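Please keep the structure in view while reading.

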Number of protein chains: 2
Amino acid sequence: MIQIGSQPMKKILIPPSTELFFGSLQLFEKLPHLKPIVIADEALEHLYAKPLCARWGADLILIPNGEKAKTRQIKEKLEDALLEKGCGKDTVLIAVGGGSTTDLVGFTASTYLRGVPLILVPTTLVAMVDASIGGKTAIDTPHGKNLIGTFYPPKYILADTDTLKTLPEKEWENGFAEILKMGLVSDPSILEMDPASPQTILKAIEAKILITQKDPFDQSLRRILNFGHTIGHALEIASNYEISHGEAVAIGSMTESFLSHLLGHLNQEDFLKIEEIYSSRFDLSLPKTYMRPALLKALLFDKKKELGLVRFVSLQKIGKAHPFNNSYCNPAPPKELEAALDWMESTYG
Amino acid sequence: MIQIGSQPMKKILIPPSTELFFGSLQLFEKLPHLKPIVIADEALEHLYAKPLCARWGADLILIPNGEKAKTRQIKEKLEDALLEKGCGKDTVLIAVGGGSTTDLVGFTASTYLRGVPLILVPTTLVAMVDASIGGKTAIDTPHGKNLIGTFYPPKYILADTDTLKTLPEKEWENGFAEILKMGLVSDPSILEMDPASPQTILKAIEAKILITQKDPFDQSLRRILNFGHTIGHALEIASNYEISHGEAVAIGSMTESFLSHLLGHLNQEDFLKIEEIYSSRFDLSLPKTYMRPALLKALLFDKKKELGLVRFVSLQKIGKAHPFNNSYCNPAPPKELEAALDWMESTYG
């Protein structure tokens, strides 16, 4: 479906200490003089993991594919494997995979011996534009997604566009959901561009760097990146991750746009324009197992919840989130929340 | 044995963001407008935990006494308890107990929802002068002590000297081992003072603040605080924590002093002076279960190990560690290490 040609390499410095390389990287020749351990999604064993280990003289540890890797048990196994290998503070952990891999390995690197150097090699669009940027790491618990984690900047991010050439269509959709979100909350020009072009991908990366630099610890502005994710995450949890992250975030973005409109923040014209963009881009439907009580329960464990009310990022117009006392976390009153869920069920049910 | 009178309160700012209160604090009346959760050593349930919860309007979670609390399983239970209570980012975790409690609760606070505010209320001498200062948090794994953790500064440290009035003698010994260590590597005047006086305790705290401020992430100077701990930690692990931390560190300090002398860093006069101080202060003996192979195995998992050699902090003279390329981690060649263990076994066996 999508063609990524050979791209010139671009280097971006992310203060205080990260260097991002974007483009056709020939997956990097040189490495710092540390003991490298590649930790890769098992689905990438032959495509990237083993060739990279051979090139870098690295040991390999494989972890489960996708969200299943983001558990306490897998983190513990990974730590024990590193301890068994006698890995000291001179170890560098290299995460090769999608956002789940970079989240898990990032969290592990941040707590192993109180922190060892980290290199991220995102191989999916969503990991490239979202998960690998901004220093967030996390695992899930049965209570919800990303509940335990740290802020931990990697030393290098190697965003090799060549890895996108083999990406399945579903993975492109996951990335588009995050790229469009970036357009809605921050840079509307993204909405006019082909989301699959390297220029758009780089623009989304740069937009995220800008926002996370202004608010690295997610105390104010950075929260706009959670647009679509209050309902999106709850959909994932309630469906036991049967729904993809991209589809969940896309449905979440649409439903939260509707809620923004309902609360009088977003005008109808903008809402209809958003609806048009999303319906032309995605073919969305709720998971077969969807039940509203499970969704409401999952919403109650959202990290943004305060004073008993579900919070969400509301849109003020296309390209701008509603500041709400600079917290960017608007309360969702139960009545309007239920009405938005009614709309969601009738639209995607 | 030891009398602590009523002490005037002293406030010390620890950049970037910690305020330490030292003295008779009447265990603090006011608290920030957050949701406070007291997490306390179960041994302190009636003495401090319940009264403090009543005063602060806090919920209480009890954790096991001592080092047993520093496991992945207890951290997981603690996180699940917080999630069950619906604790959001407006939660503040208040650790009440010794160094194990502050280490565990600190680590939990640093990763819960990627970080919630933390208040430390150290109630032992060792927690007051050592564990609560400098932002290190950790849990143990079967491979060794403090292998998984973070650097995470608390918001407040409440070092209430009144809590020391009920401290058992063994706990004073644990604290003395760290206070004397501080004298050996940094401030020899501490060695001339009564280690049980509030002035000495405060001096040890201030010495540790100074060192950790110069090197917060333990990359150089801060490592001098590990003096006595390479062998000390290994003794604890090899004895399955049958030996107290203080006794292990005291034996470790003496054995590493001997090794420093053996390697030609420390002269005989200083070594004999150290021996005199320690033998007048402690009545040391190796644990009954001591076996050298277990100790050597534990030494191999020390965090400071690099390039296959056990590393330790060597003394150059009383009050000064041997810099060794500014890493302060001297290799312990196998022959000299074995000779030092011979000395340790014949002295304390």
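A crossing of two helices is called right-handed if the near helix is turned clockwise from the far one by less than a right angle, and left-handed if anticlockwise. With that in mind, α8(B) passes α9(B) in a right-handed crossing. The model discussed here is predicted.

**How the two chains are related**

- Two copies of a chain are related by a rotation about an axis and a shift along it.

**The contact between the chains**

- Chain B gives 27 residues to the contact, and chain A gives 27 residues.
- On the side of chain B that touches chain A, at least two residues each come from α2 (72-84), α3 (99-111), β7 (136-141) and β8 (144-151) of chain B.
- The largest share of that side, 5 residues, is supplied by β8(B).
- By class, the side of chain B that touches chain A comprises 9 nonpolar, 8 polar and 10 charged residues.

**The two domains of chain A**

- Chain A is assigned domain 1 (10-166) and domain 2 (169-348).
- The centres of these two domains of chain A, taken over C-alpha atoms, are separated by 26 Å.
- In the contact between them, 20 residues of domain 1 of chain A meet 26 residues of domain 2 of chain A.
- Two or more residues of the domain 1 side come from each of β1 (10-14), α4 (125-131) and β8 (144-151) of chain A.
- Helix α4(A) provides the largest share of the domain 1 side, 5 residues.
- The domain 1 side that touches domain 2 of chain A has 11 nonpolar, 6 polar and 3 charged residues.

**Helix packing in chain A**

- Two packed helices are described by the angle between their axes and the distance between the axes.
- The axes of helix α5 (residues 169-185) and helix α9 (residues 245-262) of chain A come within 7 Å and cross at roughly 30°.
- Angles under 35 degrees count as roughly parallel, and α5(A) and α9(A) are therefore roughly parallel to each other.
- The crossing of α5(A) past α9(A) is left-handed.
- Among the residues that make this contact are F176(A) and L184(A) of α5(A), and V249(A) and A250(A) of α9(A).
- The contact of α5(A) with α9(A) contains 5 nonpolar, 4 polar and 4 charged residues.

**Helix packing in chain B**

- Helices α2(B) and α3(B) pack at an angle of about 55°, and their axes are 10 Å apart.
- This angle makes α2(B) oblique to α3(B).
- Helix α2(B) passes α3(B) in a right-handed crossing.
- Their contact is formed by I74(B), K75(B), L78(B) and E79(B) of α2(B) with L104(B), F107(B) and T108(B) of α3(B).
- Sorted by class, the contact of α2(B) with α3(B) has 4 nonpolar, 1 polar and 2 charged residues.
- Helix α8 (residues 229-238) and helix α9 (residues 245-262) of chain B have axes 7 Å apart and pack at an angle of about 135°.
- That makes α8(B) oblique to α9(B).
- The residues in this contact include I231(B) and L235(B) of α8(B), together with A248(B) and I251(B) of α9(B).
- The contact of α8(B) with α9(B) is made up of 5 nonpolar, 6 polar and 2 charged residues.

Methods
Residues numbered from 1 in each chain as written. Chains lettered and ligands numbered in written order. Predicted model: local features only at pLDDT ≥ 70, side-chain atom pairs only at ≥ 80, totals over all residues. Axes fitted to C-alpha atoms, helices over the stretch in contact; angles between N-to-C directions. Helix = DSSP H or I, 4+ residues; strand = E, 2+ residues; numbered from the N terminus. Parallel < 35°, antiparallel > 145°, perpendicular 65-115°, else oblique. Contact = placed C-beta atoms within 7 Å. Nonpolar A, V, L, I, M, F, W, Y, C, P; charged D, E, K, R; others polar. Domains from an automatic or database assignment.
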